[in-house]
Amino acid sequence: MKQTENPPVSISTLRRRVLSLPTLAAVVVAGALLALALVRVFDIDWELLWTNVKSINPVMYLLALVFYYASFWVRGLRWRLIAITARIDRTGGSRIPGPTKMAAIILMGWFANSVAFLRLGDAYRGWSLSREAGTGFPPSLGTILAERVQDMVAVLLLVLIAAGWVTAFGGVEVPGAVVIAAVSLVVLLVAFLAVMQRFGVRMVRRLPRRFRRAYMRFQRGTLYSFRAEDLPVQLGLGITGWMLEIARFYFVAQGLGIEISFGVVMFAALANAMLTTIPTPGGFGFVEGGLTGLLILLGLDDTTALSLTVVDRTISWLSVVLFGGILFFTWNLVKVRSGNARAASATPETTAPKESTH
């Protein structure tokens, strides 16, 4: 009988990672840097900050939440299409979960990334997809890498549009570091794919035998995700997902009564997304400090910039911890109970021996 694979991020392992020394050290260091920036770098009126946060328009805040969580469904649909394109399941995609379930897996992965050091949620997403679709873990993980590449291409396109918008109509200078970072990430990812395509077979020969098959399946899951006829739809869905996140940031700004151009909203929201890739839990410390500093450079005063950052983070981080956490624990408990029920039903019943007829 085939043994059941253990999840890379179960409830118990996630608890250990959240309370692990690296995670706690990352939180302490990031928190100290953020506190230093708030005290020494930014000029914050704390009473006004609290007044701003309390005065958020609840309708606008709710709209921001709705648009943000709508982006998960769009991302779930795109991930499903990528998995089908990559042919990670041999039934033409019939076993790949629907967009809603894929969106749920993404949300649970983001939850894991929001509370633990490094990006454990990506491993959890790959494992969950492999279990739901009945495929292997390596090709499922490959589709996530392909998704990341598409995401960064979409972010780069939108960053360039936002930079042009701000330069032409915003009357402020665009921080070039954000554009350079976006370009650099895309170049590095594309170069990695090129190396994988060109030298993957040679590299795999240098790996221990037990890792060779896993790597080749990972490579196929990654490279097969890119098919020219499917890319426009997938990239379009990726851009749609990011536009929904930009809408979240826009409605938060509107809810706070902040006068800000849509170009600045685009630029700041995308820079925010790039900062979350820093491997502290949810990008804690770096997102708050970096986004506040960027908004100041784009024309907001210190207190207004921090007010916008704080309220937006209640959606993009704290709500993910809350709703994603509820979904994560509920999902895993249901899976454990259903697995136990199947195991119990599969156990042969003990029966008394039949009497002899002789």
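1. Start with helices α8 (residues 176–204) and α9 (residues 209–223): their axes come within 11 Å and cross at roughly 160°. Axes here are lines fitted to C-alpha atoms, for helices over the stretch in contact, with angles running from 0 to 180 degrees between N-to-C directions. α8 and α9 are therefore roughly antiparallel to each other (that label is for angles over 145 degrees). The crossing of α8 past α9 is left-handed, meaning the near helix is turned anticlockwise from the far one by less than a right angle.

2. A word on what you're looking at. This is a predicted model, where local features need pLDDT of at least 70, side-chain atom pairs count only at pLDDT 80 or more, and totals for chains, interfaces and linings use all residues. Residues are numbered from 1 along each chain as its sequence is written, and side-chain values use heavy atoms, with hydrogens and water left out.

3. Now the whole chain. It has 13 helices and zero strands; helices (H or I, at least four residues) and strands (E, at least two) are DSSP runs, numbered from the N terminus. Of its 358 residues, 47% count as buried. Buried means under 20% relative accessible area, exposed over 50%, and partly exposed in between (1.4 Å probe, protein chains only).

4. On to charges: the chain has 13 salt bridges, each a side-chain nitrogen of Lys or Arg within 4 Å of a carboxyl oxygen of Asp or Glu. Take R75 and E245, whose closest N and O atoms are 2.7 Å apart. This pair links distant parts of the chain, with R75 in helix α4 (residues 58–85) and E245 in helix α10 (residues 231–255), 170 residues apart. Both R75 and E245 are buried. They also belong to a network of salt bridges that includes R78, D122 and D312.

5. Have a look at E288 and R313 too, which meet in a salt bridge (2.8 Å, N to O). E288 sits in helix α12 and R313 in helix α13 (residues 302–346), 25 residues apart. E288 counts as buried because its relative accessibility is 11%, and R313 does so at 5%.

6. Buried or exposed: which is E229, the salt-bridge partner of R227? E229 is exposed, at 56% relative accessible area, while R227 is partly exposed at 33%. Their N-to-O distance is 3.4 Å.

7. Last, the surface: V29, L33 and F286 make a nonpolar patch of about 250 Å². F286 is in helix α12 (residues 286–297) and is partly exposed, at 31%. Patches are made of residues with over 30% relative accessible area and no salt bridge: like charges are joined within 9 Å, nonpolar side chains (Val, Leu, Ile, Met, Phe, Trp, Tyr) within 5 Å. Accessible areas come from the Shrake-Rupley method with a 1.4 Å probe; for residues, only the protein chains shown count as cover.

Conventions
Angles under 35 degrees count as roughly parallel, over 145 as roughly antiparallel, 65 to 115 as roughly perpendicular and the rest as oblique.
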